Amino acid sequence: MAHKLLTYDDFRAAAKRALPAPMFHYIDGGAGDEWTLGRSTDAFDEYELIPEYLRNISSVDLSCTVLGTEMAAPVMLSPTGMSRLFHHDKELAVARAAEGTGLMYALSTLGTTSMEDVAAVKPGPKMFQIYIHKDRGLTLEFVERAKAAGYDALCLTVDVPVAGGRERDLRTGLTMPPRFTFSSLASFISHPKWMLNLLRYPDFQLANVAHRQDGLRDGTMEVIRYINSQIDGAIGWDDAEAIAKAWGGPFAIKGLLSAADAKRAQDVGATAVMISTHGGRQLDGVPAPIDCVAPMRQAVGDAMELIVDGGIRRPVHVLKALALGADAVSFGRPYLYGLAAGGQRGVERVLSLMLAGLKRDLMLLGCAQISDIGPQHVRRVRA
């Protein structure tokens with residue numbers, strides 16, 4: 001089936017067919033009115049590409065170096081929580097697909113596979129994403145475990161001092177593991193394949209944090225309640241600086257949208273900023289990541305990497321981000337829809353389409369390699 005899926009909307013529709021409603025809406029939803037969720041993609045339409053012709057494009061190279069790591073293309077797989085909700089092969093399926101394409105995979109603290117198990121199947125480029133927990137010992141434990149497991153980069157997410165107003169999740173009462181309620185029972189029953197795999201592979205656990213939380217081990221704690229009770233809202237720039245020093249390698253801060261914050265991140269030792277709205281799942285009404293690239297680049301110069309995380313749906317979005325000054329992009333929803341639709345093969349299909357399309361569109365832009373893309377290739381659409 002996966003070979004018949006061609007577009008983002010195709011994969012989204014396939015995921016909706018495959019998943020009970022609470023799981024689908026966890027991928028699909030955003031905060032509040034979901035204005036930011038939609039805006040993150042719509043904002044790309046306000047930029048147009050300017051191709052240059054009669055260029056030698058007989059040999060095309062998508063490879064690049066980001067976060068100190070060589071990658072097959074400037075495309076990363078964003079950290080996303082709880083992949084076991086969507087397929088029984090969970091994060092391992094995503095990691096294997098990313099490894100096969102030479103792309104960087106970022107594992108979330110709230111993943112359902114341990115960082116060590118992911119590292120075992122992903123010797124290539126990988127990053128571990130952390131929050132600053134109220135239990136600071138757990139945060140430092142993550143840093144040391146990531147070092148020991150051979151992760152290339154560390155990512156600190158800072159835009160979750162409290163969980164956003166994700167109304168779809170509140171309506172479904174999403175928990176780990178899934179809890180059957182009267183309102184959701186019909187949706188579970190109508191997805192027998194998913195239910196069968198739930199019985200065959202009942203290993204629902206936030207694998208990297210469950211050893212510190214009894215409620216996560218026995219499945220009684222809602223995810224939003226976990227975030228609000230365990231993620232420290234009293235963090236400051238000194239905490240980020242301490243983590244950067246403890247890590248000592250490529251270090252990204254994820255969730256920044258202002259040029260001033262990007263400059264501050266640079267000052268405390270971050271080597272990269274992931275410009276992100278958390279998939280439109282935190283504060284509704286904030287700017288689209290693509291609109292933040294140019295002012296951030298002006299603020300930090302060329303010494304810091306900028307990664308656009310959010311709204312990426314097609315290869316031309318990658319080209320627009322790079323032309324505006326980004327070093328790479330990162331996406332989550334497209335590969336999660338692929339995972340739900342077809343497991344590892346579904347993720348591989350999403351990634352192969354993205355890379356093939358990126359190569360084609362790079363050639364059509366008149367560029368033979370990623371480093372050829374520049375500000376001359378993009379402009380705002382006239383009103």
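These legends describe close-up views of a predicted model.

**View 1. Helix 4 packs against helix 16.** The axes of helix 4 (residues 90-101) and helix 16 (residues 333-365) come within 10 Å and cross at roughly 15°. That angle makes helix 4 roughly parallel to helix 16. The crossing is right-handed. Helix 4 contributes Lys90, Ala93, Val94, Arg96, Ala97, Ala98 and Thr101 to the contact. Helix 16 contributes Tyr335, Leu339, Gly343, Gln344, Val347, Glu348, Leu351 and Leu355. By type, the contact residues of the two helices comprise 9 nonpolar, 3 polar and 3 charged.

**View 2. Helix 15 is largely enclosed by the rest of the structure.** Of the 9 residues in helix 15 (residues 315-323), 8 are buried. They are Pro315, His317, Val318, Leu319, Lys320, Ala321, Leu322 and Ala323. Gly325 follows the helix, with a positive phi near 125°.

**View 3. Tyr26 and Phe86 form a stacked ring pair.** The structure holds 7 aromatic pairs. In this one, the ring centres of Tyr26 and Phe86 are 6.1 Å apart; their planes lie at 20°, under the 30 degrees that counts as stacked. Tyr26 sits in helix 2 (residues 21-28), and Phe86 in the loop between strand 4 (75-77) and helix 4. The two are 60 residues apart, so the pair links distant parts of the chain. Both residues are buried.

**View 4. Trp194 and Phe204 form a tilted ring pair.** Their ring centres are 6.5 Å apart, with planes at 50°. Trp194 belongs to helix 9 (residues 192-200), whereas Phe204 lies in the loop between helix 9 and helix 10 (214-217). The pair ties together parts 10 residues apart in sequence. Trp194 and Phe204 are both buried.

**View 5. Tyr8, Phe24 and Tyr337 form a cluster.** Ring pairs link these residues.

Key
Residues are numbered from 1 along each chain as its sequence is written. This is a predicted model: local features need pLDDT of at least 70, side-chain atom pairs count only at pLDDT 80 or more; totals for chains, interfaces and linings use all residues. Side-chain values use heavy atoms; hydrogens and water are left out. Axes are lines fitted to C-alpha atoms, for helices over the stretch in contact, and angles run from 0 to 180 degrees between N-to-C directions. Helices (H or I, at least four residues) and strands (E, at least two) are DSSP runs, numbered from the N terminus. Angles under 35 degrees count as roughly parallel, over 145 as roughly antiparallel, 65 to 115 as roughly perpendicular and the rest as oblique. A crossing is left-handed if the near helix is turned anticlockwise from the far one by less than a right angle, and right-handed if clockwise. Contact means heavy atoms within 4.5 Å. Ala, Val, Leu, Ile, Met, Phe, Trp, Tyr, Cys and Pro count as nonpolar, Asp, Glu, Lys and Arg as charged, and the others, Gly among them, as polar. Buried means under 20% relative accessible area, exposed over 50%, partly exposed in between (1.4 Å probe, protein chains only). Rings of Phe, Tyr and Trp (its six-membered ring) pair if their centres lie within 6.5 Å; planes under 30 degrees apart count as stacked, over 60 as edge-to-face and the rest as tilted.
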